[in-house]
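Please look through the model shown here before reading on. The points after it are written as a colleague's note for someone new to reading structures.

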Amino acid sequence: MTLLRRKRLPDGSFGELEKVFEGETDAEKVEQLKRDLDDAIIELSLLIAMQKEGGA
């Protein structure tokens with residue numbers, strides 16, 4: 001099974017579909033997953049903070 005993703009572009013939109021991990025070593029795959037997880041945690045934290053501000 002091939003995983004596909006669309007990277008978020010600087011303007012907030014999404015780019016073209018691309019294969020995930022194509023041509024990457026295992027170490028590169030792990031580093032990319034760590035960066036993606038860190039980004040997701042930051043975005044979730046910001047959303048929670050915004051929700052708390054709006055609900056207070």
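Leaving aside its neighbours within four places in sequence, which residues is Arg5 in contact with?

1. The model is a predicted one, and its confidence is the place to begin. The chain averages a pLDDT of 88, and 95% of the residues score at least 70. Among the elements of the chain, helix 1 has the highest mean pLDDT, at 91, while strand 1 has the lowest, at 87. Where pLDDT is low, the predicted coordinates should not be read in detail.

2. To return to the opening question, once the neighbours within four places in sequence are set aside, Arg5 is in contact with Glu16, Leu17, Glu18, Val20, Gln32 and Asp36. Arg5 has its place in strand 1. This residue counts as buried because its relative accessibility is 18%, and the cut-off for buried is under 20% relative accessible area.

3. Strand 1, which covers residues 4-8, pairs with strand 2, residues 14-19, in the antiparallel sense, and the pairing runs over 4 bridges.

4. Pro10 lies in the loop between strand 1 and strand 2. Is Pro10 buried or exposed? Pro10 counts as exposed because its relative accessible area is 89%, and exposed means over 50%. When the C-alpha atoms are compared, Pro10 and Val30 are 23 Å apart in space, and in sequence they are 20 residues apart.

5. The largest pocket has a volume of about 190 Å³, and the residues that line this pocket are Arg5, Arg6, Lys7, Arg8, Phe14, Gln32, Asp36, Asp39 and Glu43. The elements that give two or more residues to the lining are strand 1 and helix 1, the latter spanning residues 26-55. Sorted by class, the lining of the largest pocket has 7 charged residues, together with 1 polar and 1 nonpolar residue.

Key. Residues numbered from 1 in each chain as written. Predicted model: local features only at pLDDT ≥ 70, side-chain atom pairs only at ≥ 80, totals over all residues. Heavy atoms only, no water. Pairing = 2+ DSSP bridges. 1 Å grid on protein atoms, 1.4 Å probe; cavity = no way out; pocket = protein on both sides within 12 Å on 5 of 7 lines; lining within 4 Å. Points joined across faces, edges and corners; volume = space filled by probe spheres on them. Nonpolar A, V, L, I, M, F, W, Y, C, P; charged D, E, K, R; others polar. Buried < 20%, exposed > 50% of the residue type's maximum accessible area, 1.4 Å probe, protein only. Contact = heavy atoms within 4.5 Å. pLDDT = per-residue confidence, 0-100.
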